[in-house]
Each structure stands twice: as structure tokens, then as C-alpha cells.
Amino acid sequence: YQRAGDLSSSNSVAFANKILAIVTGIYIAGAIIIISIFALFHYQLVLLVSNINFVSLSYLLPGLTVAWALFHLGQMLSVFGLVANKPRNYILPKVISSIIAVASTFYLSARIGPTGVVWGLGGAGLIYALWCFMIAAKVVRQPGMPFPLRNSDG
């Protein structure tokens, strides 16, 4: 927010958006690494932090991590709009994806068990991340808001 200033300088906004784009890229790379580690070592990790009673569900760890990574990706993408002083754009996606998360986790867990919770959270996280991405792209491309990876000169 400090880099963007009062939104009067397109150079400041462009620099802030560039920082956000880099941080978002680092987040995505880190999430992929953690999800990969969890996919390879879920049994051992669950056994390490829990006990033998829960290792039968350890296969859910990578999927649950994907679900939460998608939600947090949406949170990171919402910062583009917050920097542009457009926080209201994110109320509807937060409310709708929360309702989807609650409804789908209850429904799917009743239908297919614990795997349903992961699918419900993953679906809601995906919707939220995609919606926030579309809002961020729209906000960044508005007149006066330079694209984050492009120099404000062109």
C-alpha cells in the first residue's frame, strides 16, 4: 500500500502491482513445493504430528493443502484490488465462496465421507481464487491502473 501511495502516480501503482505479482508468483511456487512434499510424504508427516489412528486419512493431506492454497491465493489476488482502493469488489466473492464451502462440505461429507470435505473446500477455494483473479485483472487494467508487469511508459 505504501508503494502505491495515494494512487495519483501511475509509476507508484505499477511498482506496487509488480511487487504484488512477484509475491504472488513466489506464493504459487511455494504452495506447489509444499503440496508436492505432502503428496510424497503424507503418511510419514501425519504419523509424525499425530498417531496411527489418523494415517488412514493421510492421503487427504495434499488435497486439503491444495484447497487451502487456492483460498489463500484468492486472498493474495484480492490485494491488487485493495491497493487500488476497491475493497467492495471482494465482498460478493467472499460471501458466495463461503456459502459454497459450507454447503458443499456438509453435503459431500454426508455423501462420500471425509473426502467430501476436501472436495467441498477445494471447489470453494477454486471459485474464490478464479473470481479474485478476474477482479484483479479487471482492476489492474482499468484506465489509470497500469498492468503489474508492464512499465507505465508502454
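## Exercises on helix packing and aromatic pairs

At 29% relative accessibility, phenylalanine 71 counts as partly exposed, and the exercises below start from this residue in what is a predicted model.

**Exercise 1.** Determine which ring is stacked with that of phenylalanine 71, and which parts the pair ties together.

*Solution.* The ring centres of phenylalanine 71 and tyrosine 128 lie 5.4 Å apart, which is within the 6.5 Å limit for a pair. Their planes stand at 20°, and since planes under 30 degrees apart count as stacked, this pair is stacked. Phenylalanine 71 belongs to helix α2 and tyrosine 128 to helix α4, so the pair ties together parts that are 57 residues apart in sequence. As for accessibility, tyrosine 128 is buried, with a relative accessible area of 1%.

**Exercise 2.** Work out how helix α2 and helix α4 are oriented towards each other, and describe their contact by residue class.

*Solution.* Helix α2 covers residues 60-83 and helix α4 residues 114-140, and the two pack at an angle of about 20° with their axes 7 Å apart. Angles under 35 degrees count as roughly parallel, and α2 and α4 are therefore roughly parallel to each other. The crossing in which α2 passes α4 is left-handed. Sorted by class, the contact of α2 with α4 has 20 nonpolar, eight polar and no charged residues.

**Exercise 3.** Identify which elements give two or more residues to the largest nonpolar core, and which of them gives the largest share.

*Solution.* The largest nonpolar core has 16 residues, and those with the most contacts inside it are Leu77, Phe80, Tyr90 and Cys132. Two or more residues of this core come from each of α1 (10-49), α2 and α4. The largest share, seven residues, comes from α4. As general background, nonpolar side chains tend to be buried together in soluble globular proteins.

Key: Residues are numbered from 1 along each chain as its sequence is written. This is a predicted model: local features need pLDDT of at least 70, side-chain atom pairs count only at pLDDT 80 or more; totals for chains, interfaces and linings use all residues. Side-chain values use heavy atoms; hydrogens and water are left out. Axes are lines fitted to C-alpha atoms, for helices over the stretch in contact, and angles run from 0 to 180 degrees between N-to-C directions. Helices (H or I, at least four residues) and strands (E, at least two) are DSSP runs, numbered from the N terminus. Angles under 35 degrees count as roughly parallel, over 145 as roughly antiparallel, 65 to 115 as roughly perpendicular and the rest as oblique. A crossing is left-handed if the near helix is turned anticlockwise from the far one by less than a right angle, and right-handed if clockwise. Ala, Val, Leu, Ile, Met, Phe, Trp, Tyr, Cys and Pro count as nonpolar, Asp, Glu, Lys and Arg as charged, and the others, Gly among them, as polar. Buried means under 20% relative accessible area, exposed over 50%, partly exposed in between (1.4 Å probe, protein chains only). Rings of Phe, Tyr and Trp (its six-membered ring) pair if their centres lie within 6.5 Å; planes under 30 degrees apart count as stacked, over 60 as edge-to-face and the rest as tilted. A nonpolar core is a set of buried Ala, Val, Leu, Ile, Met, Phe, Trp, Tyr and Cys residues joined through side-chain atoms within 4.5 Å.
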